[in-house]
Amino acid sequence: MRDIFNAENSVLHEQWVKEYGTTLKYKGFFYTDRLFTMDTRALNHVLTHSSDYQKPSQVRYNLSRILGEGVLFVEGGLNIVNRQVFAIFPYVKRCDFDAMSQRRIMNPAFGPAQIRALTDIFFSKSIKLRDVWSTMTASGEHAIRIDVMGWLSKMTLDVIGLAGFNYEFDALNSNEKPNELNQAFSVMFSAGQRVSLLPILKAWIPLLRWIPSDRDRKIDMAQNTMNRIGRQLLSDAKAAIMSSYGGGLIEKSSLQGRDLLSLLVRANMATDIPESQRISDEDVLAQVPTFLVAGHETTSTATTWALYALCLRPDIQTKLREELLTVETDTPSMDELMALPYLDAVVRETLRVHAPVPSTVRIAMKDDILPLDTPFTDKYGVVHAGIKISKGDPIFIPILAINRSEAIWGTDAKEFNPDRWASPPEVASQVPGVWGHLLTFLGGPRACIGYRFSLVEMKALLFTLLRAFEFELAVPASDIGKKSTIVQRPILLSDPENKNQLPLLVKPYRGP
Ligand code: HEM
């Protein structure tokens, strides 16, 4: 585990695959065995049987501290009383409002029609960011150094606020106007990012969770702020619906509102929906921080890596800009945006080579046999056609390693080459991902719910920024490293504080 933490993501695993083959095991926390496999059939089995292979309780505990208990967290389902029990006995069986029901209610909010309706939010916030940078770069003749990562993160926070909850964070204006929820959120997120021993032990040893720490206190305060504001947003949305219906019957089909919160409120209040299919106020509220975290830093990180890749390859940056400048308007429709072929190839290639979430883990809930495409030979020389799994075994899901596997993508698999998307290799279709022959958004019933959302948002950002600016690295490429907690972000190796950042030299694009 120490070697894994010290190496850049996935590098060590990829080395092991070369040395030992595609299926192996190694020692994880507390000397427990972890299964690692690159076999796409085995991974498909794990991801499609999502109730037999669940997120580890330790991960769920950490997520719940940061996120509350939204869809990211819930596996079997739980109510308020056994939440407390669950904190102490993580393996207690839970059977209340389960994750798949939450997913069923929320899926429509992330369908193509819903995302189409959100496109103007993606553009208006992209243009806002463009205008902020235009002001910063307008004064001098030279390019200005900007930490693009920080600004992209503000932009995506503003988007998820509006698109998710009709809430204006105004993070792009936060220098002038600090926002209470924004501040609570930064506390929560930075507390969640710091790696230190006590939180890790608390995740593993539930009894230690009674020991108060400064981190817990900060998280509690921030969680209280989030809850208070969340409740206010919820009651505002309900009041708006009640006042427009004057206390009469509320039908599901007649309730409008394009943001996620309105959709959940609709699921909660419509009188033509059976009681059993409604979701409680607690469960509606639990989604607020989940969507804030899941939908904000992931997309800003992906866009940051796209700009990084375009700086390393100015020829690709120019080719992309040329395509984008053929569009006559600053605000194309979602369909026009999605039809731009080179933009699509650049986004795919970024999400392949720089998957923001480089790996994840699942725990087997029962004994099982994983089917394999390629039989493996054990250390005694015996060949196996399947992998025997025991209840409780952890399985590492190698998102990044699969995305840049040479067996799938060829010998140049680690290189950034958008042209490869003109004819992806046939074998890539075996990757069990929900999108693009990649594992970036995972696969199966618990794949990322927000992938369409993030694709359109990322494209709107690149469209707007590349048309307006030229980008160059502000530091030597060798100074840029990758650091990951859950999401993998750039750092400067020369920065003793290891702060996440990507400083670029930005100047207005003034024509060829
Ligand atoms: C480039 C951007 C994104 C990437 C790379 C990404 C990646 C992922 C991955 C890998 C997972 C599975 C994690 C696991 O189970 O271990 C996941 C789950 C999830 N994502 Fe995303 N995500 C992105 C954007 C978004 C956006 C924009 C939203 C919402 C607006 C979102 C909402 C969620 C939710 C709610 C889950 C949990 C689903 C469940 O457990 O059923 N994600 N995402």
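1. The crossing of helix 7 and helix 19 is right-handed, a term for the near helix being turned clockwise from the far one by less than a right angle. Helices here are DSSP runs of H or I with at least four residues, and strands are runs of E with at least two, numbered from the N terminus. The model is predicted: local features need pLDDT of at least 70, side-chain atom pairs count only at pLDDT 80 or more, and totals for chains, interfaces and linings use all residues. Residues are numbered from 1 along each chain as its sequence is written, and side-chain values use heavy atoms, without hydrogens and water.

2. Axes are lines fitted to C-alpha atoms, for helices over the stretch in contact; angles run from 0 to 180 degrees between N-to-C directions.

3. Contact means heavy atoms within 4.5 Å.

4. Three strands form an open, antiparallel sheet in the order 4-12-9. Strand 4 (144-147) and strand 9 (469-473) are the edges. Strands pair if DSSP finds at least two bridges between them. Four bridges join strand 4 to strand 12 (residues 503-508). Isoleucine 146 stands opposite leucine 504 in strand 12.

5. Helix 7 also lies across strand 4, strand 9 and strand 12, at about 75° to strand 9. Helix 8 (residues 148-165) packs on the sheet, touching strand 4 and strand 12.
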